Amino acid sequence: MKIIIHGGFFSESLTNQEVKLAKQEALNGIVQLGYNHLQHHTAAETVVYTVRLLEDCELFNAGTGSQIQSDGKIRLSASLMDGKTQRFSGVINIEDVKNPICVAEKLQAYDDRVLSGKGACDFAIENGHKYYNPEIPQRRHEYEQKLSDSIRLGTVGCVALDVHGNLAAATSTGGKGFEIPGRVSDSATTAGNYANSFAGVSCTGVGEDIVSGSVAVKIVTRVTDGMTLMAATEKTLDEMKPYDGFAGVIGITTDGQIYHSDTHPYMVWALHDGDIEVFN
């Protein structure tokens, strides 16, 4: 059993040592809780549980604490990919919910499994998700100050390998901040979140770059075709160099390979494979 998580890039918000320590402690605690959950739950159940914890932590740009778009509203995207069933589900630009990953999980049972905008919001309400405002004072201040693009990059994600050898990946984002309403990130696409019976991958970074590189699905496909996770990841990230693509990747394979990498330093991450490791 193994689990790895990410919380976007450290440059996503204030980059002082206090924030760095807070993120290290948060990721340490969350990856431990996720690993404990994995002892008695499937990979799919665990990645949802763990990403929900990340969404609830104000240090990260997903769920509570998400970035504000150019029209002053927060819109969230999230997806779940179950490597065992090969079912992908997600929500794009959903508003006024606390945990978009839980809405994505609910959609696993439906034929129409990726919803956007008002349809996603209506589905959430119909399925018991109460109104919730994810805005925090810091994000409002950042919005009003019109922060530069360089500090608006972030997503959260989790990949897990359960005791039965099944993989799942989940990713959630609050966007890049100040984007045009209707902009679609990579987080609710197979470019940013993908798993099958061979590997699972979650991405963070600039959504447009990740979609252009089809990063997650390309890495998983290469592992499926026989490459190691490290080789598949590095080859895929190298292919982003011509357009200076900005991405971070976490992944696990069914035979236990676990790996993380990024094109620009540095992604914040934590893993648990019996021992905990956290970015430093």
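## Close-up views of a predicted model

**Figure 1. Contacts across the chain as a whole.** Among contacts between residues at least 6 apart in sequence, 68% join residues at least 24 apart. The structure shown is a predicted model. The chain holds 8 helices and 12 strands. Its radius of gyration is 17 Å, close to the 19 Å that the globule rule gives for 280 residues, so the chain is as compact as a globular protein of that length. Along the principal axes, the C-alpha trace spans about 50 × 40 × 35 Å. Of the 280 residues, 56% count as buried. The accessible surface of the chain comes to about 11,200 Å², and carbon and sulfur atoms account for 51% of that surface.

**Figure 2. The open sheet of 8 strands.** The strands follow the order β4-β3-β2-β6-β5-β1-β11-β12, with mixed pairing. At the edges stand β4 (114-116) and β12 (276-278); each has a single partner strand, so one side of each is left without a neighbour in the sheet. On average, and with direction ignored, neighbouring strands of this sheet are turned by 5° against each other.

**Figure 3. The pairing of β2 with β3.** Strand β2 covers residues 76-82 and strand β3 residues 87-94. The two pair in the antiparallel sense over 6 bridges. Leu 76 stands opposite Ile 94, a residue of β3.

Figure 4. Helix α4 (residues 117-126) lies across β3 and β4. Relative to β4, helix α4 runs at about 110°.

**Figure 5. The open sheet of 4 strands.** Here the order is β7-β8-β9-β10, and the pairing is antiparallel. The edge strands, β7 (193-195) and β10 (258-262), each pair on one side only. Neighbouring strands are turned by 10° against each other on average, direction ignored. Strand β7 is joined by 3 bridges to β8 (residues 199-205), and these two strands run antiparallel. Tyr 194 has Val 201, in β8, as its bridge partner.

Figure 6. A search of the whole structure finds 0 disulfides. For Cys 158, the closest cysteine sulfur is that of Cys 102, and the 13 Å between the two sulfurs is too far for a bond. A pair counts as a disulfide when the sulfur atoms lie within 2.5 Å. Cys 203 is in no disulfide either; the nearest cysteine sulfur, in Cys 158, is 14 Å away. Cys 158 is buried, with a relative accessible area of 0%. Cys 203 also counts as buried, at 0% relative accessibility.

Terms used. Residues are numbered from 1 along each chain as its sequence is written. This is a predicted model: local features need pLDDT of at least 70, side-chain atom pairs count only at pLDDT 80 or more; totals for chains, interfaces and linings use all residues. Side-chain values use heavy atoms; hydrogens and water are left out. Buried means under 20% relative accessible area, exposed over 50%, partly exposed in between (1.4 Å probe, protein chains only). Two strands pair if DSSP finds at least two bridges between them. Axes are lines fitted to C-alpha atoms, for helices over the stretch in contact, and angles run from 0 to 180 degrees between N-to-C directions. The radius of gyration is taken over C-alpha atoms; the globule rule is 2.2 Å times the number of residues to the power 0.38. Contact means heavy atoms within 4.5 Å. Accessible areas come from the Shrake-Rupley method with a 1.4 Å probe; for residues, only the protein chains shown count as cover.
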